[in-house]
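Let's take a walk through this fold, from the overall layout down to a couple of individual side chains. Keep the viewer open as you read.

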Amino acid sequence: MRDYSHMGIIEFMGTETKPLIWVASTRKNLKAMPEDVQDVFGYALHLAQAGKKHPDAKPLRGFGSAGVLEVVEDNAGSTYRAVYTVRLANAVYVLHCFQKKSKQGIATPKADMDVIRERLKAAEMHSRGEQS
């Protein structure tokens, strides 16, 4: 750590964060959610950028590792989900933000899982510098 406090600057080494990349409509979808939900998801994404994990972030089943995470938040009788990946070295990619419509079960609906898989492939291509 370099201390330039006499100039009002303190530099911490190792505190750099990864960039956050929004895939498709994820940012717009998050902004349409209730403010309390946005706060929880925003904090989870901030922690991911810093290489940390939100206490409520859990690996999403079907992706083979903890590289694809999901945060679930209930608000006013509705359930909201944010899915992101930390498996790519250069950035945190936000893959899907949505309100779960199904009233049965806690599983992520197949249509949403398909969207997540498609967007993960796009994120992997983007990370390698390829065009989709």
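First, the ground rules. This is a predicted model, so local features need pLDDT of at least 70 and side-chain atom pairs count only at pLDDT 80 or more, while totals for chains, interfaces and linings use all residues. Residues are numbered from 1 along each chain as its sequence is written, and side-chain values use heavy atoms, with hydrogens and water left out.

The protein chain has three helices and seven strands, where helices (H or I, at least four residues) and strands (E, at least two) are DSSP runs numbered from the N terminus. Reading from the N terminus, the order is β-β-β-α-α-β-β-β-β-α. Of the 132 residues, 36% are buried (buried means under 20% relative accessible area, exposed over 50%, partly exposed in between, with a 1.4 Å probe and protein chains only). Among contacts (heavy atoms within 4.5 Å) with a separation of 6 or more, 49% join residues 24 or more positions apart. The chain exposes about 8,300 Å², and carbon and sulfur atoms supply 52% of that; these areas come from the Shrake-Rupley method with a 1.4 Å probe, and for residues only the protein chains shown count as cover.

Five strands make an open sheet in the order 3-7-6-5-4, with mixed pairing (two strands pair if DSSP finds at least two bridges between them). Strand 3 and strand 4 (58-59) are the edges, each pairing on one side only. Helix 2 packs on this sheet, touching strand 3, strand 5, strand 6 and strand 7, and its direction makes about 160 degrees with that of strand 5. For such angles, axes are lines fitted to C-alpha atoms, for helices over the stretch in contact, and the angles run from 0 to 180 degrees between N-to-C directions. Helix 3 (residues 110-127) lies across strand 3, strand 5, strand 6 and strand 7, at about 165 degrees to strand 7.

Strand 5 deserves a stop. Six of its eight residues are buried, so strand 5 is largely enclosed by the rest of the structure. It pairs with strand 4 in the antiparallel sense over two bridges, with P59 opposite L69. On strand 6 the pairing is also antiparallel, over eight bridges; here E70 stands opposite V83, and E73 opposite Y80. Strands 5 and 6 form a hairpin with two residues between them, and A76 in the turn has a positive phi of about 50 degrees. N75 lies in strand 5 and is buried, at 18% relative accessible area. Leaving out residues up to four places away in sequence, N75 touches P34, D36, V37 and Y80.

Back to helix 2, residues 35-49. After the helix comes G51, with a positive phi near 80 degrees.

What does the side chain of Q38 reach? It reaches the backbone oxygen of M33, at 2.7 Å. From Q38 to A82 the C-alpha distance is 9.7 Å, across 44 residues of sequence.

Definitions and conventions
A polar contact is a pair of N or O atoms within 3.5 Å; within protein, one must be able to donate a hydrogen and the other to accept it, and residues adjacent in sequence count only if both atoms are side-chain atoms.
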